[in-house]
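Please view the sequence and the model first, and then read the points below.

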Amino acid sequence: MKIGSFIGALFFLCTSGAYAQHRIAFISDAHIQNIVDHPELVRSMEVQVQSTRLFNENYYALIAALEDAARREITLVVLPGDLTDNGQFVNQEKIKEILNHYRERYGMKFFVTTGNHDPVRPFGMQNEERNFLRSDGSRTTQENRCAGYADEMQCYAAFGFYPQPEYLYWETPFTSYPYEAYTYQEALNESGLDKRQYMLCDSLEAIDASYLVEPVEGLWLLAIDGGVYLPGEVKNGVQTYEGSSVGYNHVLTHKPFLLPWVRKVVSEAKKRNKVLVTYSHYPLADFNDGASDMVRKAWGSKKFDLHRVPDEEVTEAFLDAGIRLHVAGHMHVNDTGVKRGKSGKCLYNIQVPSIATCLPAYKILTAEDAAHFEVETVLLDSVPGYDSLFGLYEKEYAYDTQAGKKPVWSKEALASKDYAEFCDWQFRDLVRVRFIPQDLPEIVRKKMVGMSGSQLVAYAEGKRMDADAGSGWSGYDLILDLYRLRYADKLALRWIPEKRMQEYHVLFDAVRCSGINDELIIRLREIADIFECFLQGEPCGHFRIDLERDRITGE
């Protein structure tokens, strides 16, 4: 199996020194559906290109990522939430089967956290979903029962949520035994859901799935359940709940027990010389490379997931509690966020990209000791089975065409030479059919995206715009590459030709120097500033974090 090359590998081979003590694979936001045992669960390409993740091919991507980790002899694997697309029981059981297979075959130890898609609601829900493909290319609707906390934690009991005989240590915010008195039986006695309940501020009961585990000597894995499901209306005598998409922003007010527990864990880790690696589904620092305020000013507070950016007081609170290194998923972006706190120290938030969209990848964290870490990003460019549904998608395309409906997705996707290219086609269509219409100002949508690069430069310089400008790119390509950078950071340069990047900078210089100040030029300046923020972010491909010197180096 061909797997994409490491970013900057040669540099680190020359500088990394001895092999590290602990290697952990982080595979995030798989969002799988059990399309192998249940072909009726295959979703249409129409719905896939309108979603921030694939629904079908990511099943094979998860297998490919686990196979690659096994080939590298990695036995510790963290899955930071959204393992399934909505916690459907049929998909959840398949995840359990897959993980058990790799545990038995390769001795892998898995550690999962809750995400906003599993569970979708704290006590489960009946979910109606559309656009499941029939064999003739037509679509149908299905209802599926989705798991809540209790069912999910029971299903994944062996993957961190409950103590296991082989663990050297395990606790939750609610256990009472000291480290020295730990036994598996004692942990088992205090691991029940009745022992892990807490009260929301309005006195409703809920469950927290946070845990600390020592899977191997000297390594502590701290899984923080950053999800809060606020109560909504009572409908027909049943309490409803909001989703947990905003993550940590509700933790300080609705889970007041978490921060003191985290502070205690950090203190104990230092006291006992443990390497502490903290993770959650949700980011603990800004993931927009410093562009959040620009986006908010230019396009409003509902774009680029600004509502999911953790408040500064939240980041500061966890940094003050001692968290210096945090790994997250949720955003489907490849990013490293660095937040310097009032103490002068930094919190490093590592965003693991999804394996189900642009660019599909997972990360390997190598802990050399408590203060020195290496992070590698592994691209999933070749995934066996990724094209197994292409024949069915051909039928979908033909069905819609014959019915007089213009397909919203690009048929060129079915000629993709590998999984990464297929994901990029999905992403191109996603930008075109969803992001541009929903995110961008009217003049960008209706005028700029249809102009060629040469026309845009000429407009900024106040020159005549030729009908056939002859540049190899358009305003749409510029916006597409902006989103590619936002999701994949510098890994997006795989898809952006160097010549085009040079011409972008010519345009950016032109609009900044332009004597024209109409709305189009103003919007182009905003795009230029945001684009360059994403291009100049912190290292997030292959890099090192030194907590002693408080610095990050690499690419």
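The largest pocket has a lining of 31 residues, and those nearest its centre are Thr52, Asp305, Arg308, Arg434 and Phe435. The model is a predicted one, in which local features need pLDDT of at least 70, side-chain atom pairs count only at pLDDT 80 or more, and totals for chains, interfaces and linings use all residues. Residues are numbered from 1 along each chain as its sequence is written, and side-chain values use heavy atoms, with hydrogens and water left out.

**Pockets**

- A pocket is an open set of points on a 1 Å grid over the protein atoms alone, where a 1.4 Å probe fits, with protein on both sides within 12 Å along at least five of seven lines; lining residues have an atom within 4 Å of a point.
- The largest pocket holds about 590 Å³ of space, a volume being the space filled by probe spheres set on the points.
- Helix 13 gives the most to this lining, with 4 residues, and helix 16 supplies at least two; helices (H or I, at least four residues) and strands (E, at least two) are DSSP runs, numbered from the N terminus.
- The lining of the largest pocket comprises 7 nonpolar, 11 polar and 13 charged residues, where Ala, Val, Leu, Ile, Met, Phe, Trp, Tyr, Cys and Pro count as nonpolar, Asp, Glu, Lys and Arg as charged, and the others, Gly among them, as polar.
- The second largest pocket has a volume of about 470 Å³.
- Val266, Lys270, Gly322, Arg324 and Leu547 are the closest to its centre among the 19 residues that line the second largest pocket.
- Helix 9 (258–271), strand 13 (275–279) and helix 11 (312–320) each supply at least two residues of that lining, which has 9 nonpolar, 3 polar and 7 charged residues.

**Helix packing**

- Helix 13 (residues 419–439) packs against helix 16 (residues 475–488) at an angle of about 105°, with the axes 10 Å apart; axes are lines fitted to C-alpha atoms, for helices over the stretch in contact, and angles run from 0 to 180 degrees between N-to-C directions.
- Helix 13 is therefore roughly perpendicular to helix 16, a term for angles of 65 to 115 degrees.
- The axes of helix 16 and helix 17 (residues 498–513) come within 12 Å and cross at roughly 105°.
- Asp477, Leu478, Asp481 and Arg484 of helix 16 meet Arg500, Tyr504, Leu507 and Phe508 of helix 17, and this contact divides into 4 nonpolar, no polar and 4 charged residues.

- Strand 15 pairs with strand 16 (residues 346–351) in the antiparallel sense over 6 bridges, and Lys339 stands opposite Leu347 in strand 16.

**Backbone details**

- Asp118 and Pro119 are joined by a cis peptide bond, with omega about 5°; Pro119 lies in the loop between strand 3 (109–112) and strand 4 (125–133).
- Asp82, although not a glycine, has a positive phi of about 55°.

Conventions: Parallel < 35°, antiparallel > 145°, perpendicular 65-115°, else oblique. Contact = heavy atoms within 4.5 Å. Pairing = 2+ DSSP bridges.
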